[in-house]
Amino acid sequence: MGKKVKTAAVVIGAGVKVAVKYGPQAKIAWDKGGKQAAASATKRARSLTARRKALAHAATVVDGSILKVAPSGTTAYVVFTGDQPIATYPPSELPFEVLLAHTDLTKRIHPEPKPPRRALPRGRR
């Protein structure tokens, strides 16, 4: 057991030396990269949530569809019923005319119909 303790002490000592030497640079890199990665992941999650909500809304209206637009660098989804825009996810203060000014309306996505639910057999009583 003495050899294991000695080996552990050497490894811990080397680890401490590396942490003291490179710790400040590692912290700076982690702060910069970690914050950017978190911001990117949050932005992507918000976009996916907005898309999911837009598709759910489009599925409830007659001839519903959605179109992805990017006003001022942020992603938004416009919900259509037929050719009429009715909502934006996430909610936007810009009017539909501004959002759809230079977009190709043929790129709209129609929500997939959900498969019908199967009735489960009733158990014996």
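Modeller: Buried means a relative accessible area under 20%, exposed means over 50%, and partly exposed lies in between, with a 1.4 Å probe and protein chains only. This is a predicted model, in which local features need pLDDT of at least 70 and side-chain atom pairs count only at pLDDT 80 or more, while totals for chains, interfaces and linings use all residues. Residues are numbered from 1 along each chain as its sequence is written, and side-chain values use heavy atoms, with hydrogens and water left out.

Colleague: In what order do the elements of the chain run from the N terminus on?

Modeller: Two helices and three strands are found in the chain, where helices (H or I, at least four residues) and strands (E, at least two) are DSSP runs numbered from the N terminus. Read from the N terminus on, the order is α-β-β-β-α.

Colleague: What radius of gyration does the chain have?

Modeller: The C-alpha atoms fill a box of roughly 75 × 60 × 20 Å along the principal axes, and buried residues make up 18% of the 125 residues. The radius of gyration is taken over C-alpha atoms, and the globule rule is 2.2 Å times the number of residues to the power 0.38. For a compact globule of 125 residues the radius would be near 14 Å, but for this chain it is 27 Å.

Colleague: Is Pro85 buried or exposed?

Modeller: Pro85 is found in strand β3, residues 84-89, and, leaving aside neighbours within four places in sequence, its contacts (heavy atoms within 4.5 Å) are with Val78, Val79, Phe80, Phe96 and Leu100. Phe96 is 11 residues away from Pro85 in sequence, yet their C-alpha atoms are 7.0 Å apart. Because its relative accessibility is 15%, Pro85 counts as buried.

Colleague: Which residues does Tyr77 contact, beyond its neighbours within four places in sequence?

Modeller: Tyr77 is itself a member of the largest nonpolar core. Its contacts, with those neighbours left aside, are Ser47, Ala50, Arg51, Ala54, Ile66, Leu67, Lys68, Ala87, Thr88 and Tyr89.

Colleague: What is the relative accessible area of Ser65?

Modeller: Ser65 is found in strand β1, residues 64-69. Not counting residues up to four places away in sequence, Ser65 touches Ala58, Val78, Val79, Phe80, Gly82, Arg108, Ile109, His110 and Pro111. Ser65 is buried, and its relative accessible area is 0%.

Colleague: What is the omega of the peptide bond from Tyr89 to Pro90?

Modeller: Most peptide bonds are trans. Pro90 is found in the loop between β3 and α2 (96-99), and the bond from Tyr89 to Pro90 is cis, with omega near -10 degrees.

Colleague: What value does phi of Asp63 have?

Modeller: Asp63 has its place in the loop between α1 and β1, and it counts as partly exposed because its relative accessibility is 47%. Most residues other than glycine have a negative phi. In Asp63, a residue other than glycine, phi is positive, near 50 degrees.

Technical notes:
Core = buried A, V, L, I, M, F, W, Y, C linked by side-chain atoms within 4.5 Å.
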